[in-house]
Amino acid sequence: AVSRSMAALEQEVWALPGHLLRGLLPLLTVFRLERAEDAARRAGLSTQPIWRKLWDDVMKTRPPNSESITCWRKKFLETFFSNVLHGVLDVSSDWRLNDRHFSPLLHSSPHVSQLTLCNMLQGAVELTAEHNHKVLENLAGSLRILKFQHLLSCDQAVRRSLVLLLHRLIHHGSVSQVSMYSWPVPDTVLLVLILSMSAGFWRSGNTLAYHGSPCGLCREEDKAQGQESAQEGAERGRNAEQGGSDGENQKGSPQEADAHMNSVLSGPKSPPLQNPACGEASSEVPCDHNSTEGGSSPLSSSEHLSCHPVPRKTRRRLKAAAGRKRRCLRRSRGAYADPEDLYDFVFTVAREDNSGLVDKTRTTEGENTENWTSSSLASPCTGHAGCKKRGGPAGIFSLKTAHHFRSVSTLELFSIPLTGETCRTLSNLLSSWVSLENLVLSYNGLDANIFCILSGLRALSRHPECQLRVLRVSDVFSHMPCMELVRCILSALPQLHTLSVSFDLKNQLEGNRPEGDPSCSEAEIAESCLEQLEIRFPREPLHTSFLLPVLKASKSLQQLSLDSATLPCSQELGLLLQVLKECTPNLKKLSFHDVNLAEHQKEVLLLLQDPVLQEITFSFCRLFESSTAEFLSEIINTVKRNSSLKSLKLPGNRLGNQRLVALADIFSEDSSSSLCQLDVSSNCIKPDGLLEFTKKLEGHIQQRRGQIQFTHLRLFQNWLDQDAETAQEALRRLKAVCSVVNDSWDSSQAFADYISVM
C-alpha cells in the first residue's frame with residue numbers, strides 16, 4: 001500500500017507545470033532523477049546540465065573528449081557503474097547517491113554499453129554472484145564493448161566466474177567487441193580462454209552452471225535441437241545399416257560417415273568447422289592453408305574429410321565415445337564443471353600418427369578417448385620460419401570438440417605479447433571466425449608469426465560468409481618491408497575495406513634480417529575492395545614501383561595515408577602523384593605525416609590543385625623549412641581556386657604568426673574555395689598572431705556578407721599561454737565565426753620540440 005501511494009505521489013509530482021518541475025529536478029536523488037526523465041522530456045526540459053553537474057561533483061575529473069559527449073546521463077551512469085563495481089566510489093559520499101530505493105549496480109546497468117575488467121577480475125566474480133543475477137541480465141542486453149586491462153593470473157574459481165560471464169554476455173548476450181590492453185606477461189590459459197569464447201567456442205555439450213542450475217538458454221536450445229537430432233539420428237542409423245551390408249558401398253561413400261562424425265563432435269546445429277590443429281612441418285615450408293587449388297572457394301569439414309574415408313571401427317569408437325560423453329553430461333547437470341575442464345578445453349595433447357592426428361581429450365570418467373581426425377584438417381598454419389611447433393603444456397587447441405555459440409565482430413589486442421603457440425591458437429580460431437569484421441593487433445611482438453596469423457585469415461577469407469573488413473597491424477619492429485607485407489595481406493584478403501600497417505623501427509638485426517614468406521613478393525593481387533590504406537614506414541624508402549601493384553588492384557581506394565617514409569630521389573613523389581591520378585580515380589583523402597617535403601614544392605602545389613581530393617594533410621612535413629614568401633602565396637592562390645577541397649591540415653609545419661595571418665586570405669572576397677576545416681596545430685602560433693588572423697578573417701566574412709563555409713579550426717599545442725588575455729579575446733571572437741578546438745598546452749616544452757624536428 002505504501003509503495004502504491006508513493007508511486008501515485010510520484011506521478012502527481014511529474015505532472016507539475018514545467019516551471020515548477022525545472023526547480024525541482026536539481027533537488028532529486030539519482031534514483032528519482034532517472035525516473036523523472038520522461039516527465040522532463042514531456043515538459044520540454046533537459047536534464048543534461050544536472051547530470052553534468054553530478055559528474056563534476058561526484059567524479060571530480062574531466063572526462064576525455066568531453067566535447068564529444070552527447071548524453072551526460074549515460075556517461076555518468078556508465079562510469080558510476082564501473083566505479084561502484086571496482087570499489088572506487090562510495091555511494092554514501094553524496095546525498096544524491098544515498099537513496100534506500102537505489103541499487104547502484106542494478107539501476108545503472110541498463111545504461112552500460114562498455115565495461116572494463118581489470119587486474120584479478122574481481123568485477124567478473126561480483127557480476128556472476130547470485131545476488132547480481134538481474135544485473136547480469138541487464139548487461140546482456142545493453143553491453144556492446146567488453147575490455148580487459150592489466151590482467152593478472154587468477155585462480156580456478158575466478159576463471160570459472162569469467163567463463164560464466166563471457167558465456168552470458170557474448171554467447172547469449174549483445175557484446176560485439178572484445179578488447180585487451182597492457183598484459184606484459186599474459187597467462188596463456190586465461191588469454192586463450194578469452195579468445196576462444198570471444199570466437200564463440202566452448203565445450204561440446206553445455207556443462208556451464210549458474211548458481212547450481214545449468215544455463216537455461218542453453219537448455220532451451222538443447223531441447224529444441226534434441227528433437228531434431230533424434231530424427232536425424234534415426235535416419236543416419238538406417239543409412240548406416242544399409243551401408244554396412246555392402247562393404248564396397250561403405251568404402252566408396254565416405255560422405256555418410258563424415259556427416260555422422262560432424263554431428264557427433266559438433267552438435268546438430270554447429271556449422272562445419274575446419275580442424276584447427278597445427279601440423280608438424282619443416283620450418284622451410286611456407287605457411288599456407290590446405291585448400292582447393294586457386295583458392296576460389298573454401299572447403300567444408302566434410303569436403304576435407306571426403307578425401308580420407310573414416311574406417312568402420314573408428315566410427316563405432318566415435319559413437320561409443322559420444323554416448324559416454326552424453327551420459328557424463330547428464331550426471332554433471334546441476335553442478336559446476338570440474339576445475340580441470342578449462343584446461344582440457346583450452347589445450348589438448350596431440351601426437352602425429354601414421355593414420356592422422358590423434359586428439360586425446362580427458363573425459364569425465366577419467367578415460368582417454370581418441371578422436372581420429374583426418375590429417376587434411378590440419379591447422380591453417382603448417383609451419384614457417386617463425387612458426388615452429390614446440391612441445392609443452394600449451395599443446396594444440398581443438399575446435400572439433402567444441403560447441404559453437406554466438407561470437408563477437410571486433411577483436412582488439414593491444415600490448416599483449418603473443419608466443420608462437422598462442423599465435424597458432426589464434427590462427428585456428430580466426431580460420432572459422434566468420435562473424436569477425438574488425439581485427440586489431442597492436443604491439444604484440446609478432447615478428448615472423450605474422451604469417452601464422454595471415455594463414456588463418458587466408459582460410460577465413462575463403463569462407464563464403466566471411467565478414468572481415470578492417471585489419472590493423474602495428475608493432476615496434478618490422479619483420480619484412482612494409483610494402484611486401486601489404487601486398488601479402490591484400491593477396492590473402494582482397495575483401496578488406498580498411499588496412500593499416502604500422503611499424504616504428506626496422507628489424508634490430510638489419511644484416512641478418514629473417515626472410516619473410518617467399519610467396520609475398522610474388523603474390524598476385526586480385527582486384528580488391530580496399531577503400532582505406534594506411535602505411536607507417538619504419539624510415540623505409542617509399543618506392544612507387546612497389547606501391548603500384550597495390551594501387552592498381554585498389555580501384556575503390558578513397559583514403560591513403562603515408563607516414564614516416566623517406567623519398568629515395570627527387571622524382572619519386574612526382575611518380576607517386578602520377579600513379580595516384582591514373583589508378584585511384586575515387587581518392588578523396590590523402591595524408592602525409594613526417595615525410596620531408598621541403599624540396600617538393602611543385603608536387604605540393606599539384607596536390608592542392610587536384611579537383612577530386614577533398615581532404616589533404618601535410619603533417620610535420622617541413623613545408624616551409626626552406627621556402628620563400630612566394631611559395632606561401634602560391635599555396636593560398638591555389639586553394640582559393642580549388643572548390644572541391646574541404647579540409648586542409650597543416651600541423652607541425654612552422655607556420656608562425658605571419659604565415660597564419662596570410663592564410664586568412666584563403667577566405668577573401670575573390671575566393672571560390674569551399675574550405676570548411678583548417679588545422680594549424682603545433683605551428684608556434686602566439687596570441688597576438690592569432691588575434692590578427694581573427695581580425696583579418698572577420699573582415700573577409702564581412703566583405704562576403706557572411707557567405708563563408710569555414711566551420712572548424714584546430715589549434716592544439718600552440719603558444720597561446722604566453723599572453724592569456726590576448727588569447728582569450730582571439731578565441732572568443734573566433735568562436736563567433738567557427739568551431740575552435742584547442743587545449744591548455746604548456747609551451748615551456750615548445751623549444752625542445754622545435755629543436756627535435758629541425
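**Around helix H24**

Modeller: The buried residues of H24 are covered by elements including helix H23 (572-583), strand S17 (589-593), strand S18 (615-619), helix H25 (629-641) and strand S19 (647-649). Contact means heavy atoms within 4.5 Å. Helices (H or I, at least four residues) and strands (E, at least two) are DSSP runs, numbered from the N terminus.

Biologist: Which residues of H24 are buried?

Modeller: In H24 (residues 601-609) they are Glu603, Val604, Leu605, Leu607 and Leu608. Buried means under 20% relative accessible area, exposed over 50%, and partly exposed in between (1.4 Å probe, protein chains only).

Biologist: Before we go on, what am I looking at?

Modeller: This is a predicted model: local features need pLDDT of at least 70, side-chain atom pairs count only at pLDDT 80 or more, and totals for chains, interfaces and linings use all residues. Residues are numbered from 1 along each chain as its sequence is written, and side-chain values use heavy atoms, with hydrogens and water left out.

Biologist: Now H28. What span should its twelve residues have?

Modeller: Helix H28 (residues 724-735) should span 16 Å at 1.5 Å a residue. The expected span is 1.5 Å times one less than the number of residues. The end C-alpha atoms of H28 are 16 Å apart, which agrees.

Biologist: And which H28 residues are buried?

Modeller: Thr726, Ala727, Ala730, Leu731 and Leu734. Down the axis of H28 they fall within an arc of 130 degrees, so they line one face of the helix. The arc is that of the directions from the helix axis to the C-beta atoms.

Biologist: What do they pack against?

Modeller: Helix H27 (687-703), strand S21 (712-714) and strand S22 (739-741). On the other side of H28, Glu725, Gln728, Arg732 and Lys735 are exposed.

Biologist: New topic. How many aromatic pairs are there in the whole structure?

Modeller: A search finds eight. Rings of Phe, Tyr and Trp (its six-membered ring) pair if their centres lie within 6.5 Å; planes under 30 degrees apart count as stacked, over 60 as edge-to-face and the rest as tilted.

Biologist: Is tryptophan 51 buried or exposed?

Modeller: Buried, with a relative accessible area of 0%.
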